[in-house]
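Please keep the sequence and the structure in view while reading.

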Amino acid sequence: MSEVSISASDVKKLREMTGAGMMDCKKALGESGGDFEKAIEILRKQGQKLSLKRADREANEGVVIAAVSEDGQRGVLVKLSCETDFVAKNENFVALAKQFAEKALASFPASLDEVLALPFEGGITIGEKVTEQVGVIGEKIELASYESIKADRVAPYIHMGYKAGVLVGLNQNSDAAYEAGRDVAMQVAAMKPVALDKDDVDAATIQKEIEIGMEVARNEGKPEEMLEKIARGKLNKFFQENTLLNQTFVKDNKASIRDYLKSVDKELTVSGFKHVTLG
């Protein structure tokens, strides 16, 4: 059986289709007998093998992308992770992450698993595309996070060149609400609140703070029977520093976020927020 002749134009075409290296494309076309679909499958399988080999690697670099619907009422955040800053800054890598975000926004799924199962291009899913890119790029690549939010108005913010992303949901749909939401989104990125308000802090976090407060009071020599009361008294400071609506506004240290929103409109408030960072 004669060997199939693989032209340079075919290799170039496959490379443009997949992003794989020239030699990898030539080899895959040779193994597939010049069949492009089979060659793409071969490259994907190479990616899967590489993915398994690199499964224990740390993927702490990457990009966080925010996308908001045209009506401003739905928003998503996706984090596409990789191993090196060099890959994270590659325009094709960033563009791919933006494609994932747009497809997630269009379908607005409830979970990361559902995002990975969404159809991408060429008859493959987003999850399969991520695996394919492991073989193309040669690093561990993963779609590591997905968050979504729905509100009367969603304000997005991307921090430090795709290093972090925030979505803030507001209870009003107006230009003034949006601009305030952008300020609040920057607040979230800077101050990293753990919850929207004190009633939204989970019980495990509160219990941990009480235990820390009790230990501090004990080390200060306070009576054992007073420790829990003292620790609970310090919770108000924790709520002020760590819940969004109660935090001091970074642009005006005389006002809380709640006060700032009321200064824009007495009924304006945040209905929810999402924050995704690298690492």
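## A network of charged residues

A network of salt bridges links Glu41, Arg44, Lys129 and Glu132. The model described here is a predicted one, and 14 salt bridges are found in the structure.

## Arg57 and Glu83

Arg57 and Glu83 form a salt bridge in which the closest N and O atoms are 3.3 Å apart. Because Arg57 lies in the loop between helix H3 (36-53) and strand E1 (61-68), while Glu83 lies in the loop between strand E2 (74-82) and helix H4 (85-88), the pair ties together parts that are 26 residues apart in sequence.

As for accessibility, Arg57 is partly exposed, its relative accessible area being 39%, whereas Glu83 is buried, with a value of 17%.

## Lys251 and Asp183

Another salt bridge joins the side chains of Lys251 and Asp183, with a distance of 2.7 Å from N to O. This pair links distant parts of the chain, 68 residues apart, since Lys251 sits in the loop between strand E6 (248-249) and strand E7 (252-256) and Asp183 belongs to helix H8 (residues 175-191).

Lys251 counts as exposed, at 58% relative accessibility, while Asp183 is buried, with a relative accessible area of 14%.

## Glu220 and Lys222

The side chains of Glu220 and Lys222 also meet in a salt bridge, at 3.4 Å from N to O. Here Glu220 is partly exposed, with a relative accessible area of 49%, and Lys222 counts as partly exposed as well, at 36% relative accessibility.

Note on methods. Residues numbered from 1 in each chain as written. Predicted model: local features only at pLDDT ≥ 70, side-chain atom pairs only at ≥ 80, totals over all residues. Heavy atoms only, no water. Salt bridge = Lys/Arg side-chain N within 4 Å of Asp/Glu carboxyl O. Helix = DSSP H or I, 4+ residues; strand = E, 2+ residues; numbered from the N terminus. Buried < 20%, exposed > 50% of the residue type's maximum accessible area, 1.4 Å probe, protein only.
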